[in-house]
Amino acid sequence: MTTPRQDLRDIHPSRQRLALAIAFGAAVPALVLRLGGGHVADPPAALLYGLAIVGAAFLLSWAAEVAQLDISAGLAIALLAFIAVLPEYAVDMVFAFRGGNAVQAYGAACAPPGATGPTDCSLALANMTGANRLLIGLGWSMVVFIAWWRIRRTRPGVRATEVRLERSHAVEVSFLGLATVYCLTLPFKHSITLVDAAVLVSIFAAYTWRISRAPAEPPHLVGPARYLGGLRAGLRRAWVVGLFVVSAGVILLCAGHFAEALVATGHDLGISEFFLVQWLAPLASEAPELLVAGMYAWRLNTNAGLGTLVSSKVNQWTLLVGTLPVVFAIGVGGFHGLPIDPHQREELFLTAAQSFFAVAVVGTLSISTREALMLFGLFWAQFVIGVIVPDSFGGRELLIVGAAYLVLGLWIFTRDRLLIAPLLRDGFRTPYAELASIRRREGVEVGRQAPGAPNPTA
C-alpha cells in the first residue's frame, strides 16, 4: 500500500533528523564496547547497553510505522506484532535460554548448589510480568491522564470524563480476554509447558488472522515516522530496511550483555537483581511505545494511542509468554517446561489478575478517568507493597493485591454484563465492514455510556 508524499514543511524536518541521530547515537557507545573488546564496570555497562536497546527500540518503532505504507495489511500486522515485543523478547530470551542451560546442568533447582539470589528461570518470568504490568498500569492510564489534561487546557468548559475506542477495537479486547482467561490457569501449574506455548501462540495466530481482515487504512504517522513517510518511495524503503537491520542488530548484540550487566549491577550494589530485571529492563524497552502513545494522546487522537497499547498487550500476553517455554526447551535440550517457583506463581497470579481487571475496564470500549486512577493506583500499590515493603503481609502481599484486582473486575463485569455478549460477537464474528460502518468518535468523550446502550455513531 502506498500513499502520496506528505508535505514536510509542518513537521520540522531538522527536529526529526535530530531525533533519528540521537537514537542512532545512543547505540554507538555500547557497540564500541561490545565490538571493541573493551571492559567497564557493570553499572556503566548496564547503562550503556540499556541505552543502546532504548535507541534501537525507537528506531524499530519508527521503521515499523513507516513500513505500513509499503506492505500488505496482513504482513504489516504480523510484522508489527513481532516488532512490538522484540526488545522484551530479546532480554527474556537470554534468561529463558540460560535457564534451560542451568536446568540441564544442575537439575530442577536451575542453579548450582549453594547459589543464592534469583535464578535465570525466575528472571525470565520477572521480565515478562514486569513488562505486562507496566504496559497497563502506566501506559493505559497515561493516555487517559494526558488527554484529560489537554482537554482542560485547550477546551475550556468541556468536562472530559472518559476515553473511548472505536467499535473495531472489540477484536483486540476480545482476544485479550481469551488470553487472560487461559493465563489465569498458569499460577496453578508448576511450569509453563510447550502445550501452554501452543495454546497462546495459537491465540496470537488467530488474532493476527482476524485483524488481517481489517480494511487497509493509511497509518497515523507522527514525529520521525511521519518525516520518513514523506520521503520519495525508494528512499523511504531504503530507510525502513536500514533501520530494521541496524536496530535488530543492536538488540541482538546488546541484549545478552545488558542482561548480564544488569544482574551483576544488582549484586555489586546490593540492589535486588529481580527488581532491576522486572522493572528497569521492561521500562527501557517499553519507552518508545509509551512515548508514541503519549504523543497520540497529546494530539487527542486517543483512539490510536489507547488502541496501540491494547494491541501491544495482546501481543505480549500471547506471543511473548508463549515463546518463553519454547526458548527454554531449546536451552535445556528437551521438552521440559519453564519452571514456576512459589514467588513467581504469585507474580503470575498478580499479572493475570491485573489483566482480568483491565479487560473488565476496557470491555465497554472506554476508560473513564476514575477507572484510569484505579489502574494507576493499584499498579503503584502492588509496586510499593511488593518492592519497598516486601513480606509485609506474611509473604502474601501480591496475592492480596491480585485478589483486589479480581474482585473489582468481577464487579465491573457484573455491572456491564449486558455489553459482554455484543463485545464478544464483534470481536470474534462481526465482519470488519460492519464494524467500520458504525465508528466511535475519536478523542475524549463527555459523559459515560449506560450499560446496554448502543454505540454512539460518528
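D426 is buried in this predicted model, because its relative accessibility is 8%, below the 20% cut-off for that class. The residue belongs to helix α14, which spans residues 420-428. Its side chain forms a salt bridge with that of R167, with a distance of 2.9 Å from N to O. R167 is itself buried, since its relative accessibility is 11%. The partner residue sits in the loop between β1 (162-164) and α5, and the two positions are 259 residues apart, so that the pair joins distant parts of the chain. The pairing also extends to a further residue: R167, D426 and E434 are connected in a network of salt bridges.

**Salt bridges**

The structure contains eight salt bridges. Three of them, including the pair described above, are set out below with the N to O distance and the relative accessibility of each partner.

| Pair | N to O distance | Relative accessibility of the Arg or Lys | Relative accessibility of the Asp |
|---|---|---|---|
| R167 and D426 | 2.9 Å | R167, 11% | D426, 8% |
| R98 and D120 | 3.4 Å | R98, 27% | D120, 16% |
| K189 and D196 | 2.5 Å | K189, 26% | D196, 1% |

The side chains of R98 and D120 meet at 3.4 Å, N to O. R98 is classed as partly exposed because its relative accessibility is 27%, whereas D120, at 16%, is buried.

In the salt bridge between K189 and D196, the N to O distance is 2.5 Å. K189 is partly exposed, with a relative accessible area of 26%. D196, by contrast, counts as buried because its relative accessibility is 1%.

**The loop between β1 and α5**

The loop that carries R167 also holds H169. H169 is buried, since its relative accessibility is 12%. When residues up to four places away in sequence are set aside, H169 touches N303, G307 and L365.

**Packing of α5 against α11**

Two packed helices are described by the angle between their axes and by the distance between those axes. Helix α5 comprises residues 170-183 and helix α11 residues 342-362; they pack at an angle of about 150 degrees, with their axes 9 Å apart. Angles over 145 degrees count as roughly antiparallel, and α5 and α11 are therefore roughly antiparallel to each other. The crossing of α5 past α11 is left-handed.

On the α5 side, the contact is made by V173, L176, G177, T180 and C183. The α11 side contributes A352, S355, F356, V359 and V362. By class, the residues in this contact comprise seven nonpolar and three polar, with no charged residues.

**The chain as a whole**

The chain has 15 helices and five strands. Of its 458 residues, 54% are buried. Among contacts with a separation of 6 or more, 84% are between residues 24 or more positions apart.

Terms used
Residues are numbered from 1 along each chain as its sequence is written. This is a predicted model: local features need pLDDT of at least 70, side-chain atom pairs count only at pLDDT 80 or more; totals for chains, interfaces and linings use all residues. Side-chain values use heavy atoms; hydrogens and water are left out. Axes are lines fitted to C-alpha atoms, for helices over the stretch in contact, and angles run from 0 to 180 degrees between N-to-C directions. Helices (H or I, at least four residues) and strands (E, at least two) are DSSP runs, numbered from the N terminus. Angles under 35 degrees count as roughly parallel, over 145 as roughly antiparallel, 65 to 115 as roughly perpendicular and the rest as oblique. A crossing is left-handed if the near helix is turned anticlockwise from the far one by less than a right angle, and right-handed if clockwise. Contact means heavy atoms within 4.5 Å. Ala, Val, Leu, Ile, Met, Phe, Trp, Tyr, Cys and Pro count as nonpolar, Asp, Glu, Lys and Arg as charged, and the others, Gly among them, as polar. A salt bridge is a side-chain nitrogen of Lys or Arg within 4 Å of a carboxyl oxygen of Asp or Glu. Buried means under 20% relative accessible area, exposed over 50%, partly exposed in between (1.4 Å probe, protein chains only).
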